[in-house]
Structure formats: structure tokens, C-alpha cells
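Subject: Two-chain model for you

Hello,

Here is the structure I promised to pass on.

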Amino acid sequence: MVEQKLKVTLLTGRTIEQGVGKEKGKASKEYFDACSMCYMDADDMKKLGVKNNTNILVSTPDGSVVLKAVKYPRSATPGLIYVPYGPWANAVCSDKTTSIGMPSFKGTPAEVEPAPNKQVLTIEELLKSEFGR
Amino acid sequence: MSIVKSVTCPICGCLCDDIELTVENNEVVKVKNGCAICESKFIGYRGEHRIKTPLMRKNGKLVPVSMNEAVHAAAEVLANSTYPILYGWSSTSSEAQRVGVELTEEVGGIMDNTAVVCHGPSILGVQEVGIPTCTLGQIRHRADLIIYWGCDPWSAHPRHLERYTSFTEGRFEKSEWKAYMQKLKAQAGQKKMQSAMRIESGRTQLRPQTCSIPGMPQTMSKDGRKLIVIDVRKTMSAEMADYYIQVEPNKDYELMQALRVLVRDGELDVDKVAGVPVEYLKQVADALVNCEFGVIFFGMGLTQTAGKFRNVEVAISLVRDLNMRTKFSIMPMRGHFNVTGANVVSAWQTGYPYGVDFSLGYPRYNPGETTCMDVLLREENDASLVIAADPGANFPKKAIENMVKHPLIVIDPHMNATSMLGDIVFPSAFVGIEVEGTAYRMDHVPLPLKKVVEPPKGILSDEEILTKILAQVKLIKSKKTAKKAEA
């Protein structure tokens, strides 16, 4: 049965593509492609009825963002989603620092739902929508 | 055309210093020995994302201004603010960082570097229990057991394995590269066999791998260096490992404490810890105890998950326990090429490695209070200067919302997310490409960064821009003092 929403744990981190993109330039296509995506478990994608390279909406109490879902190629990671570091990941990351200065970039509870008709925002659009600049 | 040899790569904490660059007409045209990220930087530095002139926000838009106007405006902002944040410092030289400390002290602000969202918790862990560590050279030549915990060097430090650990040819330890290639060939052969058998028998399912405990290593008893990767998901680095442990998210602390018990010959009354069978952990503990010299490298998988600095503290305690049985070291995988330098410079100049508050006229350090993230979230800042970092892309949304409510000065070579949000933007020269300087490798070894090409006309280094702003701030403040004295 296809579910409407899936509860997952959100991780953010590095990927080699994100590294290459950030050095090329934050407004580059490489950076956009590398960071506006979300690795998902193949079975989780089936549960949600999400196809590879289609859009999803990731939501946490701190915000929501549209990302491109990509099947994680290396292993099964049920209940985990992985978004490379970047402004898209930070639109949904927890800012709780637990009084030591470090926000909770990994292990935040999140919800995923299919969003085939929603667009992934470019970095300029995302900053404009979040900060008005 | 000229070839510049032994260039230090200004990207990650590995600071690979064997890069060869071909320079033609004052442009880098070819990169040898570097990783994909290295090539992207050395070729991409001059791309269309470069800021060419100082910019200031007027009527909501960034417009070009003269360097003089930008310096005056930035100095006015800083001199007139009461609690500015001066953040970043990790992708620049230690020489620029030193000027940064003086500027922060002059304006009575907060000096914080990217460690706050990176290895800040590691520093806190180290301050609790100390750190048994060594240089990467020692590891390269002597370590026979390498652990990567909560980090994926293949993605973030692509040449770490090749230069310092498993795949390097050390004096006393050999490279495992050939063994890894053989393993890959064997796996490919195995897949071909399975495929042939499947066609033969008409089966559609792959045969399960022969293995008594799921994920059990088949090569653990091999000679030579052993590689263990502990992560919540199977990364590329994990695929290279002799032993991969998939820990449940936010449970690294439990796993490490369990390993500590086993290393001390204790018994565990459970079957699984953090999703890992205890039987499996016993074998890992045996491997740890029986190595000659082991090292744990750890990354954001420990510092950004539940427990944060406690994870690091217990990792160091595990190393301390292991040192009762064999020799072990531990080292954080530092991200930016000179974030270690930012900590070192800050510590030698102020006494504290990051999150230093000068608002009372003397340096004060209380992570959670004086760290820039907390100041931003409490909305206490009234101006910001960001240099050699991109919080616009890497800080949580709420922190940036508060940062852009007040004047934001940005110094960066590229039009990154923070530059796009800035009010006063200074273009700077690339340290390690267009300006020389010093950077500290992740093992605290300082290395020189080379200047291989001239910066574009009119583009100054971070150090020069900061020095100009500092001089102007001092001038404004002396005028203020003189006015007060007159009154």
C-alpha cells in the first residue's frame, strides 16, 4: 500500500559531488545538482510511491524543502534520508545547539511526502524565499 | 608555460602537498596528483562566480563600489556596533587569522570559527579528557589498524586513505591497495559465477553470501593493515573496509561504551548494542587489542549526532583503555584546510580555540553562550563580519534570519550564499593560489601555502583587507575618544 507520508531520520553530510560543486561555485549547476537532492532507501521510496529522480517534500518542525529523491546505491538504509550539506539541507535542519554551539545536523526526525508537482528552488530562489534577499 | 611542483592544496584538512600545477598566461590549466575537489578548485577558482569588485547593498541590490568606500562603510559598521560576530576564518591563512583576532578585540566582538559547526564538540571532548594523538606521518609508516568512525574520507577527504592510511606505502606497513583490487576482482568474479549459476538454474534470486553473522568480515584475519569503518550508512569508504559496522543513528555513544567494556574483558548481558550483534563486537574488540598500533579517525558522525561532545569524550576514553593493552591514537578529520589553524591562532592569541567573546574587553570563552550560533539564535548580535566561510549555506535557517537582520560584511573570493545575502561584500584573493600563507594540517603540522598565479588586478588578500578595516576602525575610535575628551 502506498503511504502518504513517511517518518524518517534526517542526516546531512558531505558527498564528493557536493565538494566538487562548492569549489566550482555556490551558484554553479554542479552545486545545485549535488545539494538539492536527497538519498532515500529503495524500499522507502516504494512505500511512498516515489520514483527515482522525482521530487519530494521533506518537513521538520524547523521548515520544509522540496528536493529530488535519489535511490541510495550502496546499501539499504530504511528510515534514513541523507541530504548533502547546503542551504537546502539547512532549510530543515534543527537549530538546537544543546548549549554547546553545535546545531543538530544529523539524526533529526523528519517527514517525507511525494511532491511531483512542486519545483526544487535554485539557490537564489531559496535565499530570496527564506531571507528576502 | 611553467610547472609548479609541491603545491599545498588549500581545500581540506589533509593539506596534500604533492600537487603539480601547470600554469599558462597566469592561469592554472592542469592539475596533477589532486583529487576531484582539488581539480575543481584549481580550475574553477577563476570561473564566472568570482566577485570582481567590492559591492554594497543599495536599494536592496548589490552594486559595485570603490574599495575605499567599502572599507569606510565596513569600519563604520564594526566601530559602531556593540556586539558584532566575526565568523569564519577557516579557509584563509593563519596570518589573516592573526589580524582577525586584533580586529575582534578592537571592536569588542565575538571571534568564532567554523569549528563551531564542525569539530567544536571534539575540542570540548578533548578539554574534558585530553587527547592521545600523533602526526599523520607516524600513522602512514606504522599504523596497522585504521578506524574511520562517523566519517567518509572518500567523500570529504578523498586522498586521506591514499596518502596517510590504508593505501599508502609506509616504511613499516605496506599499502593495501593491491589487496583491495584483488578483493574487487574476486567480488566481480563471484558475481559472474552467480550470474552463470542463475542462468543455469533459471533462478531469479541471487544466492545469499556465506556468512554466519550478517555483515561479518571475511577478510578480518588477513595480514597487513586492517581498515574498519563505522557509520550509519554504507559509504564508499565502508565498501573499501575489511570490516564495516552499521550503527543505528544517534547510538554511537552506546556502541563505544560497549567496546570499552569488551576491551576491558568485561561481559555484556545483551545480544545487540546499537543494532550490532555483541558477537560481532567481540571480534572487533579482539582486532583492536591485537593490533600493534591503531588509530581512530572520527568525523561529524560523532560531533553532530546525539551526545555530540560526549561521543568524542568516550571515543578518547576508548583510546585510553586501548592504550593499556596496545598502542592507539585518535584524530579528528578536520574539514576546512585551515580550521586547525583558526583554532591554533585563536588559542595562542586569546587562550581559547573558538567562540571567544571580547565584549568585556578581555577574552572570555563559554561554549553555548559565547559561540556565534547561540548568539545568533538568541538574537543578541548587532552586526556580522563573515570571512573565508559560508554560513549562508551551512547554518540553520533561523541563525541566518537573525544574521541578515543586521549589517552583514562578507569577505570572500566567490559569490557564495553569504555574499548573496551580504550588505558589504569584499572580493578577496584565493589563499594558496594567488596569495601565500601558512595553514595547519589536521595533525597540527603547519605547512606553507604557495602563490602560483597573480590575483586579478585590484583584488587584495584577506590579510590586506582586514588590515585596512582595522586601521579605519582604530581611526574612527580614536576620533570618538578625542571627541569625548573634548566634551
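Predicted model: local features only at pLDDT ≥ 70, side-chain atom pairs only at ≥ 80, totals over all residues.

Residues are numbered from 1 along each chain as its sequence is written, and chains are lettered from A and ligands numbered from 1 in the order in which they are written.

Chain A. It has five helices and six strands (DSSP runs numbered from the N terminus: helices are H or I with at least four residues, strands E with at least two). Their order along the sequence is β-α-α-β-α-β-β-β-α-β-α. The C-alpha trace spans about 40 × 35 × 30 Å along its principal axes. The radius of gyration of chain A is 14 Å, which agrees with the value near 14 Å for a compact globule of 133 residues (taken over C-alpha atoms; the rule is 2.2 Å times the number of residues to the power 0.38). Of the 133 residues, 53% are buried (20 or more other C-beta atoms within 10 Å of the residue's own, C-beta atoms being placed from the backbone).

Chain contact. Chain B gives 58 residues and chain A gives 46 (two residues are in contact if their C-beta atoms, placed from the backbone, lie within 7 Å). Several helices of chain B each supply at least two residues to its side, including H1 (36–44) and H4 (120–129). In H1(B), the buried residues include B:Ile37, B:Cys38 and B:Phe42. The buried residues of H1(B) pack against helix H1 (16–24) of chain A, and also against strands S2 (19–24) and S3 (27–32) of chain B.

Core. The largest nonpolar core has 189 residues (buried Ala, Val, Leu, Ile, Met, Phe, Trp, Tyr and Cys joined through C-beta atoms within 7 Å). Helix H13 (residues 309–322) of chain B gives the largest share, eight residues. A:Cys38, A:Ile81 and B:Ala315 have the most contacts inside this core. Beyond its neighbours within four places in sequence, A:Ile81 touches A:Val8, A:Leu10 and A:Cys38, among others.

Domains. Chain B splits into domain 1 (51–117 + 337–486) and domain 2 (120–192 + 222–332); the bounds come from an automatic or database domain assignment. Their C-alpha centres lie 36 Å apart. Ten residues of domain 1 are in contact with seven of domain 2.

Best wishes

Technical notes: Buried ≥ 20, exposed ≤ 12 C-beta atoms within 10 Å, placed from the backbone.
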